[in-house]
Amino acid sequence: MNLDGETNLKLKQALEVTSFLHEDSNFFDFKALVKCEDPNANLYSFIGSMEFEEQQYPLSPQQLLLRDSKLRNTEYIYGAVVFTGYDTKVIQNSTDPPSKRSKIEKKMDKIIYFLFCVLFLMAFVGSILFGIATEDDLENGRSKRWYLRPDDSTVFFDPKQAPLAAFLHFLTAMMLYGYFIPISLYVSIEIVKVLQTIFINKDIHMYYEEADKPAHARTSNLNEELGQVNTILSDKTGTLTCNSMEFIKCSVAGTAYGRGVTEVERAMDGRDGSPLVNEKANEHKKDSTDSKSPVKGFNFKDERIMNGNWVNEPHAEVIQKFFRLLAICHTAIPEVDEETGKVSYEAESPDEAAFVIAARELGFEFYKRTQTSISLHELDPVSGNRVERSCKLLNVLEFNSSRKRMSVIIRDEEGKIFILCKGADSVMFGRLAKNGREFEEETREHVNEYADAGLRTLLLAYREVGEEEYKEFNEKFNEAKNSVSADRETLIDEVADNIERDLTLLGATAVEDKLQNGVPNCIDKLAQAGIKIWVLTGDKMETAINIGFACSLLRQGMKQIIINLESPQIQALERAGDKAAISKASKESVLSQITEGKAQLTSSSGGSDAFALIIDGKSLTYALEDNMNKMFLDLAIRCASVICCRSSPKQKALVTRLVKSGTGRTTLAIGDGANDVGMLQEADIGVGISGVEGMQAVMSSDVAIAQFRYLERLLLVHGHWCYRRISSMICYFFYKNITFGFTLFLYEAYASFSGQPAYNDWFLSLYNVFFSSIPVVAMGIFAQDVSSRYCLKFPLLYQEGVQNVLFSWRRILGWMLNGFCSALIIFFFCTKALELQAFNNDGQTAGRDILGGTMYTCIVWVVNLQIALAVSYFTFVQHVVIWGSIAIWYLFLLAYGAMSPTTSTTAYKLLIEDLAPAASFWFVTLVVVISTLIPYFLYSAIQMRFFPMYHEMIQWIRHDGQSNDPEYCAMMRQKSLRPTSVGFTARLAARTK
């Protein structure tokens with residue numbers, strides 16, 4: 001394991017010159033000098049040399065063991081530490097994790113600022129009115145407000161110091177009206193979000209039993225953001241596909257072998273209507289039922305070369321060299337089971353493992369590797385017996401993204417030296433000798449067919465190397481490896497480039513990276529939900545396009561806007577090597593293609609044509625530049641699907657940043673490998689897939705899932721629920737606090753802004769703790785507008801979150817207005833009902849304590865019944881907390897009133913002696929509560945009946961029993977299909993037109 005997070009083994013080995021150092025005693029006289037590069041963050045290169053016995057030996061990443069690595073197949077090592085502390089790669093690569101907050105949280109901050117301004121305005125207006133009233137309080141030397149005892153006051157009601165009294169009142173009012181600001185909201189939301197993440201983690205429908213991996217929400221900050229995703233940016237390999245490569249076809253000596261049918265071919269069969277693939281599929285199915293149990297990484301079926309039958313083929317010698325090359329040209333490590341004798345392999349990539357397994361299954365078993373040799377078991381075509389072959393490993397020319405090939409130089413048992421090379425067709429065809437192109441035409445045709453079938457292809461070639469040529473190469477190669485300069489890799493590549501020429505073509509391999517289960521269905525549902533899906537992949541364009549067809553991101557009849565730099569003019573400039581001219585011509589070409597694409601979209605505007613944008617990595621480099629990125633984004637967001645091919649990790653992150661900042665909408669990135677980390681951290685939400693590429697993507701993500709298909713439930717169900725719950729919870733919080741706080745202001749105005757609160761101090765303190773907050777927390781945890789089945793059945797419901805209809809300023813201000821109206825009704829109905837008349841049979845009139853108790857009781861009833869009206873899915877817990885909150889108020893009033901007068905103050909025996917015995921208290925409570933709830937009830941009834949939102953329409957379907965009517969449901973779902981949609985449902989819809 002390495003810092004890049006990939007689980008595939010990396011081959012690490014000491015220099016051959018130090019291989020004798022096995023014991024502590026060997027190190028008594030050992031002296032060596034290591035020279036290396038300065039500390040840096042690059043994981044894949046190391047430039048250094050070791051001087052030992054007056055000889056220079058090159059050091060490469062193969063000799064560097066990074067901190068946190070885990071050793072396999074080795075009991076112990078001796079080593080010298082070159083980097084420590086902050087100089088280590090792990091520290092050099094560490095970055096501060098991005099701070100992510102949801103858009104709802106940011107908007108909530110703005111609402112708090114707005115309410116603070118309202119609070120300031122209320123306190124300011126109140127203090128001015130109080131100052132005016134205080135200044136005019138004296139009339140003929142007597143105080144109008146004698147009951148306030150201004151003569152007994154130092155400043156507060158002194159007419160002679162009215163401005164100072166007004167300022168002090170302003171401070172008092174700021175504290176008194178502070179209940180407008182729902183401070184407990186932040187605590188409540190954190191509690192709710194943590195419990196929501198538990199629901200996500202425990203969802204059995206997102207549990208991947210095969211790998212024993214449940215979903216894991218690694219942060220609770222972004223739950224509601226899952227319900228507002230507008231664009232998904234997805235990796236392909238390991239995300240849409242399994243990253244479990246299977247050797248399925250090959251072309252050897254111009255003959256195509258392998259009868260397997262890929263998923264892409266099945267999709268192409270569906271789009272072309274050809275029966276040929278179906279016939280091949282049935283034939284393949286028949287073969288697979290008759291054969292032995294399948295081997296992981298090997299899905300090859302062809303009786304012509306299996307079971308040793310290759311010896312009877314016309315080009316048996318070429319086939320032997322082809323599979324021998326597969327068994328030798330790699331860096332895999334064999335592991336032999338001592339009990340069964342079976343050989344398994346640990347390889348740096350799934351592709352490489354598939355090649356070695358294919359060679360083993362076809363009779364060329366690689367079983368032993370040392371530092372200087374490779375050993376095989378293979379079939380001798382002359383004797384027909386299984387024989388051992390061993391070759392000396394002279395050099396390994398490693399694969400990298402610029403070379404796009406890998407070679408090994410070996411000396412066989414006869415003493416001959418060969419270079420064995422495998423690489424991408426784009427670089428290999430140009431390295432063939434004139435007499436080594438015998439099968440070029442047929443192989444090129446087969447490679448194109450394999451790419452069309454969505455397969456990953458490599459060409460295999462070799463040549464014999466003379467002793468003198470090798471000696472000259474080895475000297476230059478060691479000299480380049482011993483270089484400690486920054487251009488060491490360039491020097492090595494130049495030396496390798498000279499020997500990897502004049503090769504003889506053997507054939508080509510084709511491996512399949514299968515689509516994960518459920519990917520087409522998931523993409524279809526997400527597309528129906530109105531979510532745009534972009535694919536960012538490092539694969540070549542043909543493979544990416546065909547995977548796009550297989551998962552229904554592309555469809556027949558969809559117009560493709562392809563942007564690349566394959567024009568003859570640019571290719572001529574590349575051969576000339578003029579970098580400035582290449583850059584200028586490339587910019588102009590990309591700009592021209594983007595402009596042309598926008599013109600195509602404009603000319604077809606208003607029509608039903610769907611467009612797909614496909615761009616390669618070279619073009620993307622220029623499209624992302626400051627003077628062109630806005631044009632590129634404008635073109636991309638108008639297309640139904642976007643595929644970026646040959647994208648580097650940095651380009652993936654830059655595209656994500658462009659979409660996020662350019663659209664202002666929520667973006668979600670999903671990937672499984674270390675090369676997706678930048679993209680995951682840049683997006684609003686990063687989803688890591690815990691697949692075979694290790695845990696680097698998962699550790700950098702916000703949510704981890706095991707398969708791409710679980711994204712459907714994560715967004716359409718949990719995302720929608722979390723968005724709705726948090727939105728409703730925040731709106732309701734503002735409502736209940738405004739209802740409570742505004743009654744304080746109205747009482748202040750009624751009492752000449754005297755600064756006297758309407759309620760007892762403990763009533764004020766416990767309102768947001770026991771009497772109103774628990775039901776809203778329950779709503780944030782359990783509320784559902786529709787069930788999960790309906791969320792998945794009607795994906796367009798998700799657009800409520802994307803368009804933010806449940807947390808728009810209109811809805812927020814509507815809830816605030818409801819709070820102000822509720823406060824007005826409660827205050828004026830209570831004051832008018834209780835003033836100037838006997839409150840009970842004893843003739844007692846209502847004082848401040850009775851009025852405050854009555855109003856408070858009405859508020860507790862109203863805010864709790866309001867939430868009962870707003871909830872459309874009741875659970876036992878919600879019943880308990882709603883009715884329990886009301887009951888707790890009466891129990892508290894009873895217990896608090898039973899305490900001594902010094903403790904309970906104005907609430908002393910308030911319920912027992914004043915409120916409960918008076919029939920008017922119960923009657924006023926009933927009338928006021930009903931009157932306060934009527935406006936909201938009427939508004940909700942009219943809106944749901946005549947102007948229903950999408951979730952309310954679904955509720956009507958369920959209520960009327962039409963949920964099982966296929967025609968009615970199809971009509972509802974049609975609203976989510978647009979002419980530019982992707983997915984197989986949209987494909988079928990396009991066909992029927």
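In which loop is Arg 431 found? Look between helix H9 (425-428) and helix H10 (440-452), and there you will find Arg 431. Before we go further, keep in mind that you are looking at a predicted model.

Let us stay with this arginine for a moment. Is Arg 431 buried or exposed? Its relative accessibility is 11%, and because anything under 20% counts as buried, Arg 431 counts as buried. You can also see which residues surround it. Setting aside residues up to four places away in sequence, Arg 431 touches Arg 405, Asp 497, Glu 500, Arg 501, Asp 502 and Leu 503. One of these, Asp 497, has a further link to it: the side chains of Arg 431 and Asp 497 make a polar contact of 2.3 Å.

Now let us move to some positions that come from a record. In an unreviewed entry, UniProt gives the feature "binding site" at Asp 235, Thr 237, Asp 672 and Asp 676. Where do these residues lie relative to one another? They span 442 residues in sequence, yet no two of their C-alpha atoms are more than 10.7 Å apart, so they gather at one spot.

Two of them deserve a look of their own. Asp 235 is in the loop that runs between strand S7 (229-234) and strand S8 (241-252). With a relative accessibility of 4%, Asp 235 counts as buried. Its side chain is joined to the side chain of Thr 239 by a polar contact of 3.4 Å. If we leave out neighbours within four places in sequence, the residues in contact with Asp 235 are Leu 240, Leu 536, Lys 652, Ile 670, Gly 671, Asp 672, Asp 676 and Met 679.

That list includes Asp 676, which sits in the loop between strand S23 (666-671) and helix H20 (677-682). Asp 676 is buried too, with a relative accessible area of 0%. Apart from neighbours within four places in sequence, Asp 676 is in contact with Asp 235, Lys 652 and Gly 671. Lys 652 and Gly 671 are also in contact with Asp 235.

Next, consider the empty spaces. Rolling a probe the size of a water molecule over the atoms shows where empty space is left. The second largest pocket has a volume of about 1,800 Å³. Its lining has 47 residues, and those nearest its centre are Gln 13, Ala 14, Gln 63, Ile 77 and Tyr 78. By type, the lining divides into 25 nonpolar, 15 polar and seven charged residues.

The largest cavity has a volume of about 80 Å³. Among the residues lining it are Tyr 759, Phe 763, Arg 848 and Leu 910. Which helix gives the most to this lining? Helix H28 (residues 848-870) does, with four residues. The lining of the largest cavity is made up of five nonpolar, four polar and two charged residues.

Helix H28 also leads us to our last stop, as it is among the elements that cover the buried residues of H24. Eight of the 10 residues of helix H24 (residues 773-782) are buried, so this helix is largely enclosed by the rest of the structure. Those buried residues include Ser 773, Pro 775, Met 779 and Ile 781. Besides H28, the cover includes helix H4 (184-201), helix H22 (710-750), helix H23 (761-771) and helix H29 (876-897).

Definitions and conventions: Residues numbered from 1 in each chain as written. Predicted model: local features only at pLDDT ≥ 70, side-chain atom pairs only at ≥ 80, totals over all residues. Heavy atoms only, no water. 1 Å grid on protein atoms, 1.4 Å probe; cavity = no way out; pocket = protein on both sides within 12 Å on 5 of 7 lines; lining within 4 Å. Points joined across faces, edges and corners; volume = space filled by probe spheres on them. Nonpolar A, V, L, I, M, F, W, Y, C, P; charged D, E, K, R; others polar. Helix = DSSP H or I, 4+ residues; strand = E, 2+ residues; numbered from the N terminus. Buried < 20%, exposed > 50% of the residue type's maximum accessible area, 1.4 Å probe, protein only. Polar contact = N/O pair within 3.5 Å; in protein donor to acceptor, adjacent residues only side chain to side chain. Contact = heavy atoms within 4.5 Å. UniProt positions renumbered as here; feature names shortened; annotations may be inferred.
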